[in-house]
Amino acid sequence: MNFEDKLREALDKEKISFHFPGHKGKCGDLYPDLYGLDTTETFGTDNLAKPEGILKESMEDLAKIYGTRASYLGVGGSTMALYAGLYSLTREGQTIGLPRNSHRSLFQAAELLHLNISLIDLEESQEGLGTWISLKTVKKAPNFDVLVVASPSYYGHLAPLKDLVTYAHERKIPVLVDEAHGSHLPFFSREDSGLGQGADITVHSVHKMLPGLTSTALLHVQGEVDLDRVQQGIKFFTTTSPSYLMMASISRAVDWMDQVGRGKVLDLIQAMDPFYQDLDQAGIELLRGPRQDPLKWLIQVPGYTGREVYERLFKDYGLALEMYDQNRALAVLSPVDGKKELAALTEALLSFPKREPRPRKPLKMPELVDFLETKDRRNFKMKKIDFRKAVGLYAGDFVTPYPPGIPLLYPQGKINQDQVDYLQDLLEAGISLEGLDEKLRMNVIQ
Ligand SMILES: Cc1ncc(COP(=O)(O)O)c(C=O)c1O
């Protein structure tokens with residue numbers, strides 16, 4: 001069987017997608033002529049590295065829709081847009097304030113761009129609902145030159161952007177919002193978006209919450225950022241052959257969202273109440289932070305681990321969720337979903353056999369250093385060692401549960417017993433860890 005057959009076989013088992021990409025495989029009519037649009041820089045097609053023609057016009061149209069100073073097309077996901085964003089906001093040797101729930105792309109950016117990291121701790125809810133950034137934790141972090149905030153988080157928790165941006169701007173610190181998970185927000189709740197709160201740069205994964213092709217992204221500029229440096233950053237981190245199909249898909253997805261999707265999201269949110277109530281009566285919780293994106297359902301079923309919920313929904317009902325952790329499973333809804341999807345998920349959850357509730361596993365990430373002086377890891381000699389024997393040594397790579405892609409060990413960070421215990425806990429919960437090989441060995445610095 002070739003790769004495509006195997007891929008189709010895997011996808012055929014799925015009846016309804018509750019994961020990315022946001023188009024959920026339902027938007028084929030947006031692109032009947034797939035190969036016809038796949039072109040390169042030629043007569044009349046412009047050049048992403050030096051946009052002067054139709055790409056420039058498309059970006060100007062996007063800036064109008066989003067109300068930004070400038071919006072840039074990205075074809076390497078938020079990962080590359082974040083690299084370009086940090087490239088334009090920093091200078092070598094500066095320090096970025098990075099919350100502990102940041103995606104590994106931001107830690108990678110720090111290493112690539114020779115930036116230090118001031119780690120911002122998270123607040124933990126007493127009820128074990130999760131952890132999130134707050135102004136209090138930002139104030140406690142060691143000094144930084146640029147503040148980075150992930151909002152919404154993978155789990156849909158919205159950061160208090162207004163407070164954070166005001167605090168940073170009063171100190172003349174620029175703010176970059178990693179809004180990979182919030183590309184839908186500017187269309188129905190702009191105040192929850194970096195765009196609504198005047199962040200200097202806001203980055204969107206168009207493929208996550210809008211119907212863009214996978215790897216599509218946008219980088220929006222509002223603050224006093226040097227646009228030449230942004231363009232330089234985009235050029236630096238983008239292939240010299242950007243996909244026109246993907247770039248066309250960004251503008252198609254945004255237009256669709258502006259004209260149709262906006263209303264569909266509002267309808268979807270309005271339709272949720274009776275489903276919430278049915279789940280609530282059955283003791284099934286949809287967990288929320290202080291503020292929550294309604295399109296992310298973080299589900300906890302009494303007596304079931306996150307993995308059991310995830311696997312049962314897929315095997316028995318063909319409902320494919322995005323991820324699970326020790327306690328919870330995450331369902332992603334998108335603007336292309338409606339009542340049918342809400343009903344299928346709710347009915348499946350209600351039909352789970354009842355179990356005695358079990359205590360929630362604590363989800364607080366283990367204690368870490370609060371400052372990382374990042375050096376290029378190629379300077380170090382590495383060796384592989386069983387992670388359980390690595391306490392007291394310095395990590396040579398990230399160790400990251402994926403998803404959500406939030407690293408627990410950082411290159412050059414000293415490894416402690418709490419971290420090792422937490423990783424052990426994740427492995428026992430069936431969570432895959434990037435950075436460990438099949439023998440559970442990791443790279444440490446010699
Ligand atoms: C919070 C966050 N930021 C950035 C990214 C990177 O996004 P992309 O996959 O579009 O490169 C992810 C990916 O899951 C993420 O969860």
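# Loops, contacts and a ligand shell

Visitor: Where is the place of His-114?
Guide: His-114 belongs to a loop. Helices (H or I, at least four residues) and strands (E, at least two) are DSSP runs, numbered from the N terminus. In these terms, the loop that holds His-114 runs between α4 (104-112) and β4 (116-120).

Visitor: What kind of model is this?
Guide: Residues are numbered from 1 along each chain as its sequence is written, and side-chain values use heavy atoms, with hydrogens and water left out. Local features need pLDDT of at least 70, side-chain atom pairs count only at pLDDT 80 or more, and totals for chains, interfaces and linings use all residues; this is a predicted model.

Visitor: Does His-114 count as buried, exposed or partly exposed, and why?
Guide: Buried means under 20% relative accessible area, exposed means over 50%, and partly exposed lies in between, with a 1.4 Å probe and protein chains only. Because its relative accessibility is 35%, His-114 counts as partly exposed.

Visitor: Is Lys-24 buried or exposed?
Guide: Lys-24 also has a positive phi, of about 55°, although it is not a glycine. Lys-24 lies in the loop between β1 and α2. With a relative accessible area of 10%, Lys-24 is buried.

Visitor: Which residues come nearest to the ligand?
Guide: A residue is near a molecule if one of its heavy atoms lies within 4 Å of it. The ligand has 13 residues around it, and those that come nearest are Thr-79, Asp-178, His-181, Ser-205 and His-207.

Visitor: How many residues of the shell around the ligand come from α3?
Guide: α3 (77-89) and α7 (206-209) each supply at least two residues of this shell. The largest share comes from α3, with 4 residues.

Visitor: What share of the ligand's exposed area does the protein bury?
Guide: An oxygen atom of the ligand is 2.6 Å from an N or O atom in the side chain of Thr-79, and such a distance is 2.8 Å for His-207 and 2.9 Å for Lys-208. Taken alone, the ligand exposes 390 Å² (Shrake-Rupley method, 1.4 Å probe). Of that area, the protein buries 89%.

Visitor: With which side chain does the side chain of Asp-325 make a polar contact?
Guide: A polar contact is a pair of N or O atoms within 3.5 Å; within protein, one must be able to donate a hydrogen and the other to accept it, and residues adjacent in sequence count only if both atoms are side-chain atoms. The side chain of Asp-325 reaches the backbone nitrogen of Asn-327 at 3.0 Å. At 2.7 Å, the side chain of Asp-325 makes a polar contact with that of Arg-328.

Visitor: Which side chain is in polar contact with the side chain of Ser-351?
Guide: Ser-351 is in the loop between α11 (339-350) and β16 (371-372). Its side chain reaches the backbone oxygen of Ala-348 at 2.8 Å. The polar contact between side chains, at 2.4 Å, joins Ser-351 to Tyr-317.
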